[in-house]
Each structure stands twice: as structure tokens, then as C-alpha cells.
Amino acid sequence: MPKEEQKQINEHELHTESHKERIQASWYRCEQFGLDHTSQPDFATLGKGTLNDLVDQHRSLLETTENEVLPYYENILSNSACMIVLADRQGHVLNTWGQPRFGSAAEHGLVGGNQWTEKGVGTNAIGTALMTGEAIQVGRDEHYLRANRFMVGSASPIYNTKNDLVGVLDISSDAYLPQDHTFGMVKLMSLSVENRLIFSAFQQEYFILSFNTNVVSLDSHWSGILVLDENGTIVSANRRAEVVLARDLALLNINQIFDIEMREIKHHPVSLPLKLMAMGRYQFYVKVIPPTQQVMRVPDFRHHSEYVAPSPQSSIGTAKTGDAVKTSAPVKASAPVKTSASLPENVIPLDELHHGDERVERLVRQAHKIMEKDIPILIHGETGAGKEIFVRSLHYHSSRAKEMLVAVNCAAIPAELVESELFGYEKGAFTGAQNRGSIGLIRRAHRGTLFLDEIGEMPMAVQSRLLRVLQERVVTPLGSTETYPVDIKLISATNRHLKEEIKSGQFRQDLYYRISGLNIELPALRKRADKAALIRYLHKRLRFEEPGPDLSPKMLDLLVSHPWPGNMRQLAHVLKVGMAMADEEVLEEWHLPDDFFDDLEAMASSPEQTQDRIPSTATEATLGRGSEGVEAPLEEMIPYLLGKFKGNVTQTAKAAGVSRNTVYKYGKLKNTLN
Ligand SMILES: Nc1ncnc2c1ncn2[C@@H]1O[C@H](COP(=O)(O)OP(=O)(O)OP(=O)(O)O)[C@@H](O)[C@H]1O
């Protein structure tokens, strides 16, 4: 067994005190049931037909245990003369495995159809685990009935994907001493069954995250598991996840747990573990397992809503936050008026993107108009400034809203895969599992919007190919001679200075002119004139999702005075953490995460730099990024900063003014990350 797992077992081992108490409580229940130590066990044995029905009902639990779990333990168990028992939630033995040394089935009673409850059999591992809902080891003399004092039982309940108790696994033996390793083993086996039930229920269509404090233990059964739908909503989790994160996870969004958004998860390479903070405090390694059947589903709202996007001439920006009905005129006279209720939940209405900053209001208006023209949009803005949120809002307020918005993070796809992901490939173009061919992301965006985020990260070869698509408006998949016409609205975004990238030969000039029809500079949060209103707005939105504390004028002042190097993303994170930590009615300073104050301190020691530049911490002239400095290449700067911040990806990303994906990409190249 790996050391880590053994250590975890020990940590979760019997706490003598509470174990004793649990046995005492069980004995007390037995007395209440009218048992005495000399009573004979009453197994209320089921008839054959009823047992067969039960076995049928529990087929998936039995198959998972038998085919997928036991083989892993066979070697260990066959050497320790014990018996494995699977019982249903009423304690009926469904099946047993292993050779008992302790007499005939009639003597020990661990046979199919026998019911092991406290009421009938007194204190015993199966019955007591079912009664308490927790794993337990019952030593020989801890059994209430003398008739059972020839064995040691270790049992652990099994919960299904809805967190309902569905059965119990037990390892029994006639050993004299309680065996800690057997107890650990049965807990491990029940976790393993639970994890496998989760995988078989969700693996096809959902994203699964496994997380652990240690990168080498990511595949162990002790890892927390979260199941996410495509919006990042947690639809299931294993018990370990709930214990480790110490909260009820159902229906929370992943961004309320880890400092990451679902779109980043969607584009994250499978083989590369992420290093993330949970609730702003605890660091975990996280492995992303994408659905085996990759389906890019169009949101359901399309089927229910008759929504037609407003015309570009329509007025926007007049309705105030919270207005249900937008005043925009519809494209066609007969088209229904759009309401914010017809927007997907994670889309911010256009007129709520600004709160009095004239610059932002103007650029929202311009971009909204341009959405209906054959002109590409290029957005420049610091990391976290809200570029993707802006694009989502534009798309869903345009005539393309009925088709897909395909968001591609160019930095998140490994260079060698960008081409095939974007342009698709013909059946048989590659050997291997994905040999069925792929339509590619550009064709998926046909008649919709293609959002190329972090376009500055696109490899040169792919840039040439993209240029051809934009010029000729057709896509040729890899390995094919066929061309497919495409009609896409292209929006690109970057936090790099593309003109400088052109000078240094990193970005094609001709592509730059193709993608930069309308150039938009999305201002950093600290530079926005509507900062206070924006903070209030975000606070209100978060409170709408989950009740939370008030924002006092003093707290608002503190938030307004912050340099926000991570922009809107950081603001959202700080508010979420603060609101989650606050039990009081008002948000107070001590609810806010530490890095919030680190930035304030950095600003106090170097106010100009923090105010005017992206990074708050990268003070080295040669390694700073930004238009005024001489920029070191990312392949040098990222490993340097990773070293400086002891491998902290979030701080490195913030200091370099790039996204976390970019940090992974360059950190990995230089082996600076695990
Ligand atoms: N206008 C907004 N209103 C409310 N929240 C916002 C807004 N803009 C951004 N946010 C918050 O900030 C987070 C980051 O925004 P977004 O992903 O759009 O940034 P970005 O500029 O695309 O970042 P990157 O360059 O790192 O990809 C969002 O998930 C959301 O929580």
C-alpha cells in the first residue's frame, strides 16, 4: 500500500475514546432490544427467491465490488485468511468472498440471505456500521453476543452518488488481535466502490476532478472527487471531498470552491495537474478528467426562449441594474422583447457591464454594434479584467445568440494540439483513440461566435493557417482535401502587447490586421471610474446567489483603495471568500483573504508601480511585463517567477500579468512545475 494511503489510514484510525463510546452505545441499544449476552443470533434468513430479488436490485453494487474492486485486494486478502462480505442497507448479506477458517456457514452465519443487524445479532461490524453510518471495527469481546466472540469484524458503509447509504462492506476473520490494517483496508475498499460508482454514473458526460494534497496521490482512493456539469455546477462528490473541504458541496459552482473558472477547466490538458487554492486557504493538486463522450451542448435556454437579439441600432445602457425588461428594440417587428430572464444564468446583461464609467459604456456600445457587422473584434485587457464575461454578453445580445459561442483558450491547449483542435481532422488522420475524426472548434462556431482568448499564445504555424481561414472563409481539416465554408464572428483577446510581439517576430503582422477590426481596451479595475458601483454590483450579485453579509461604507472604501492586480477575478474571489468566512451581518476586514492585504502592503511600499502596472510583485526591471518595460521572454520570466514564489502559480500569474494556464505552459517547458 502506498505510504501516503497508510498514513491517511492511521490518521483516520480508531480514536480509542470514541471507539469505546460507540461500542458502549451499541451495547446499550442491544439491552434495549432485549438481548442478553447468552442470546443466540437471530439472522431472519431470507428465502432463496427474496435473496435473488435483492441480488438483482443490487447488481451494479455487486458487479462494481466483484469485478472492479476485489481484484485489487485479492493478493493481500488471500494471504490473511479472512472473509469479505457485502451486505445491503438492511444488513442482508448479498455475497461473500474468501475462505473462512472459522467453521461452517451454519456456525458463523456470514452467508447470503442472513441479516446482520444489531437487533438480531447484537453488536457486530455490519450492523453497527449501518446503525451509525460510519466505519467500525468490532473486536472479539466487543461483540454483544458471546456466540459471535470468535471473530473480528471491520465494516465500512457504502454511499451512492446521491449520498444515500446503499450497503456495507465487511472483512471478518478469526484473528485474536484487532487488525488495524484490515480496518484501513475495508475503508479503502468502500471508498473505492463509491468512487467507481461515481465514475460509472458520470464519466461519460461530466467533468470529474480528483484532488489531493499530494500530487503523487491523485489517483488514490483517498482523493476527493467532484463531478461537474458543463457550467461548473457540482452535481456529485465523494464523501472524502465533503470531509476535506468541510462543507456541503451540492450545487455549488466550482469557482466557489477552487480559484478557477469552469472554462479554464474545460481547456485544461488532462495530463497536467493543477495546483489550486480551495476557498482561498488550502492548496491542492487537482486532476481534470474530461467526459469520455465530449459533447459541446448548446444551453437549454435556446429551446425555451423565442429570444431574438436586439438590433445594433437599439439603445443600450439606459436600464439600471436589476431591471427585468431591457428597452432594446427587437430586430424584427414581430420579435419578442428580450428580458434578462432569457439570458443564460452566467451571462451578464450588456447594460450591467458598466456602472457609470463613460469609457466602458462607449466601448460596450461600439462592440455591440460591430457584432452585427463583418468586422472582427480584438480586446486587450489585463488578466481577469473581464474579457470573457464581456464577450459572452456580446454574443448573447447579438443575432448570433441562437448559435454557439465557442471559447478557445489558446494558451491552454498544448501547441501540438492547437491545430487539430481548431481546424478538426479527418477520420483516420491520426492513429489512436480519437481516430473517428473531429469537426474542430472553428466549424463548431459556424453561424455563431469564435472567441480566441490569449491569441498571442498561438503558435506561428497555426497563425498562418488561421489567417487562411479568415481570408478564404473555409476550413480544411487536417488530413483532408475537402473544404468547409464557415461563417463566424471572430473575437480575439490578449493581455500581451501584440504590436511588440510582431516586432519580436512572435506574431504575424498580417494576422494582426485581420483580427483587429475594432480594437477595444478593457480598462483594469483600478482604472475604472465606476469602481465603487462595480464592487457594490458584484457584491449584490453574489448575495443573490447565496445570502451573505452587508457591505459597510468603510469596507467599500477599503475595497476601492485596493490596487486589484488580478482585476475582476480577484475582486470576485476576495468577496466570495470574505462572504463565506463572515458569520456576522457585516463584512469585516478579518474575513478577507491574506493576499488581499499583501497587495495593499505592496502598494504602500511601491505605490506608483502597483497603480500603473499589471504586476504588483514583479519588481525586477528586466523581468517585468508591460508596455513601458523591456520584456523578458515568457520562457525565462515564468520559471524565474515560479522560483521566486516557490512554485505558487497564482502569484506567478499575477506578477507576470498572464493567466495561470500560461504559467503552467511555460513552467512545464522548463520543468519548474511538477
Ligand atoms: N462585468 C463583470 N461583472 C461581474 N463579474 C465580472 C465581470 N467581469 C469579470 N467578472 C468576474 O471576473 C472573473 C474573470 O473574468 P474573465 O474570465 O472575463 O476575465 P479575463 O479578462 O477573460 O481573464 P483572462 O485574461 O485571465 O482570461 C469572472 O469569472 C467573474 O467572476
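How many bridges join S7 to strand S8 (residues 234–237)? Select both strands in this predicted model: 3 bridges join them, and they run antiparallel. Strands here are DSSP runs (E, at least two residues) numbered from the N terminus, and two of them pair if DSSP finds at least two bridges between them. Residues are numbered from 1 along each chain as its sequence is written. Because the model is predicted, local features need pLDDT of at least 70 and side-chain atom pairs count only at pLDDT 80 or more, while totals for chains, interfaces and linings use all residues.

Now select strand S6 (residues 207–212), which runs antiparallel to S7 and is joined to S7 by 5 bridges; Leu 209 has Leu 226 as its bridge partner in S7.

Return to S7 itself (residues 224–228), where 5 of its 5 residues are buried, that is, with 20 or more other C-beta atoms, placed from the backbone, within 10 Å of their own. Gly 224, Leu 226 and Leu 228 point one way, whereas Ile 225 and Val 227 point the other way. In a regular strand the side chains alternate between the two faces of the sheet.

Finally, colour by pLDDT (the predictor's confidence in each residue, from 0 to 100): the mean for the protein is 79, and 80% of its residues reach 70 or more. Over residues 294–339 the pLDDT is below 50. Where pLDDT is low, the predicted coordinates should not be read in detail.

Terms used
A residue is buried if 20 or more other C-beta atoms lie within 10 Å of its own, exposed if 12 or fewer, and partly exposed in between; C-beta atoms are placed from the backbone. Helices (H or I, at least four residues) and strands (E, at least two) are DSSP runs, numbered from the N terminus. Two residues are in contact if their C-beta atoms, placed from the backbone, lie within 7 Å.
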